[in-house]
Amino acid sequence: MDAHVSLSKALKAIGRSPDPAHLKPQNSLSFLALFFLTALAFFGWGCSGGTGALAARPLTSTGANAASAGAATGSPSSAAPPPPNTAPANAVSLLHFGNAGFGGDDTNVLQTALNYTAANGQTLEIPAGGYNINPISFPANSNVFVDAGVTVTANSGYGDGVRMLNIGSSNVTITGASAAVSVFHMRKAEYTSGEQRHCLNIANASNVTINGISCNDSGGDGLYVSYSTNVTVQDSVFDNNRRQGSSIVGGVNHIHYLRDHFTNTSGTAPQSGIDIEPNQWKDFLLDVKIEDSYTDGNAGDGLMVSTWKMNSSSQPISVTVLRHHSTGNARYGYIGQNNDPSNAPGTILIQDSISDQSGSYGAAGYFYEANGAALTFQNLTVTNPHARGPSVYGDSAAVAVVRGGSGANPLGNVHFLNVNIDITDGKTDRYFFFRDATNVQFVPGTLSGATKAPPDGLLNGVATNEVD
């Protein structure tokens, strides 16, 4: 069972509120548009996106605020994109295995080529052109290079639960020239129901490397990872997907996202850029690391860590997020939520990261009970949260620990350390709001612009400037 199904139903049942009070924890783009989006993101600018009630607000440059935030956190906002990848000289062309790229169904040619080159230790090169495929599977030892100018499109007719690119084996590498020019995409406009038509599905796999591709316009997730170990995804784009930019659903070890973009998710809840959400208590999150990546313009949260299916019998959680940019998402920039009454131990660290123009709180422990893994935001910079107005609690604090419904235990074990907050639009009343909380910290860095400060925030209804 996929935990996202029940969470999606819960979100839909509350009318897709950007800040639900009772949630129990839990365009297809043209080539030029994708290139433009990617270029903007690499230079640290946000991307607007989303449609309907949860559409993210259009982004505007924060000017000096963005520059100072980057300086404060060591963020990669000014980093240049990596140079294009190139195919090895001895790569074998897809066209060696038959005619492809002429508007017909290329599934058989591509699957035959994959099987042959993997069995013979060769690299398969997909030359520039447009291809149409039904679902394909990557056998063990697959090594694929996707040239610049490649667009691989899903054929019409994918049913819910059918995934386009499937990796369930060991030692698989997919390398594109770059995400702007090596593109896989589905037909999102056709998918008016369901949430399981993923673009890239990595399940029960090991030693997988994805580098320099796009996987867009799915009827589910751009990237779905489960029950896998040693997976690296870098310099890739997952744009305009229906449910999530990426889901990491547990049973995983050594998962590394590096310089990736998860943008403009919209269609069915939760609609996050990245959702880390195990399906059952036996699942585990071991050494999950996300670095120098972006979750921008999503119709839900930027980055969600939702461990509500885990409990005290689960293995300790280890999730680290470094130098992350979360910009223009319609709900929270970052959210952690867990279970009642017992929770997995461990650590969730979000460090040297940015939350800009989120629809609600810049970062929050939402229904996050104190007996769970430590949730720490260190050197977090928040600018202009609550773009959609106050929360359902009536406040518009930059960061929060709040309860979404009933629960047996106090909230807490959430730590905001050296938090820098800059408000220039007048929409934020205080810097923090902690309700029903214990074992919480708020250690400020530089604070400016909150309309009701001082005092800086509220702890269980009591005004205070610092909680340590």
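These legends describe close-up views of a predicted model.

**View A. Strand β13 and its two partner strands.**
Strand β13 covers residues 221-226. Six of its six residues are buried, so the rest of the structure largely encloses this strand. Strand β10, residues 200-203, pairs with β13 in the parallel sense. Four bridges make up that pairing. Asn-201 has Tyr-224 of β13 as its bridge partner. Strand β16, residues 244-248, also runs parallel to β13. Four bridges join β16 and β13. Here Asp-221 has Gln-244 of β16 as its bridge partner.

**View B. The salt bridge of Arg-243 and Asp-221.**
The side chains of Arg-243 and Asp-221 meet at 2.8 Å, N to O. This pair links distant parts of the chain. Arg-243 sits in the loop between β15 (237-239) and β16, while Asp-221 belongs to strand β13. The two residues are 22 residues apart. Both Arg-243 and Asp-221 are buried. A network of salt bridges links Glu-195, Asp-221 and Arg-243. Across the whole structure, the search finds eight salt bridges.

**View C. Arg-403 with Glu-369 and Asp-436.**
Arg-403 forms a salt bridge with Glu-369, and their closest N and O atoms are 3.8 Å apart. The pair connects distant parts of the chain, 34 residues apart. Glu-369 lies in the loop between β28 (363-366) and β29 (374-378). Arg-403 lies in the loop between β31 (399-402) and β32 (411-422). Glu-369 and Arg-403 are both buried.

Arg-403 also forms a salt bridge with Asp-436. Here the closest N and O atoms are 3.6 Å apart. Arg-403 has 13% relative accessibility, so it counts as buried. Asp-436 has a relative accessible area of 38% and is therefore partly exposed.

**View D. The disulfide of Cys-199 and Cys-215.**
The model has one disulfide. Cys-199 and Cys-215 form it, with their sulfur atoms 2.1 Å apart. The link is left-handed, with -80 degrees about the S-S bond. It ties together distant parts of the chain, 16 residues apart. Cys-199 is in the loop between β9 (182-185) and β10, and Cys-215 is in strand β12 (residues 214-216). Both Cys-199 and Cys-215 are buried.

**View E. The second largest cavity and its lining.**
This cavity holds about 30 Å³ of space. Its lining consists of Leu-110, Leu-114, Ile-126, Ile-136, Phe-138, Val-144 and Phe-184. Helix α4 (107-119) and strand β4 (136-138) are the elements that each give two or more residues to the lining. By class, the lining has seven nonpolar residues. It has no polar and no charged residues.

Notes:
Residues numbered from 1 in each chain as written. Predicted model: local features only at pLDDT ≥ 70, side-chain atom pairs only at ≥ 80, totals over all residues. Heavy atoms only, no water. Buried < 20%, exposed > 50% of the residue type's maximum accessible area, 1.4 Å probe, protein only. Pairing = 2+ DSSP bridges. Salt bridge = Lys/Arg side-chain N within 4 Å of Asp/Glu carboxyl O. 1 Å grid on protein atoms, 1.4 Å probe; cavity = no way out; pocket = protein on both sides within 12 Å on 5 of 7 lines; lining within 4 Å. Points joined across faces, edges and corners; volume = space filled by probe spheres on them. Nonpolar A, V, L, I, M, F, W, Y, C, P; charged D, E, K, R; others polar. Disulfide = S-S within 2.5 Å.
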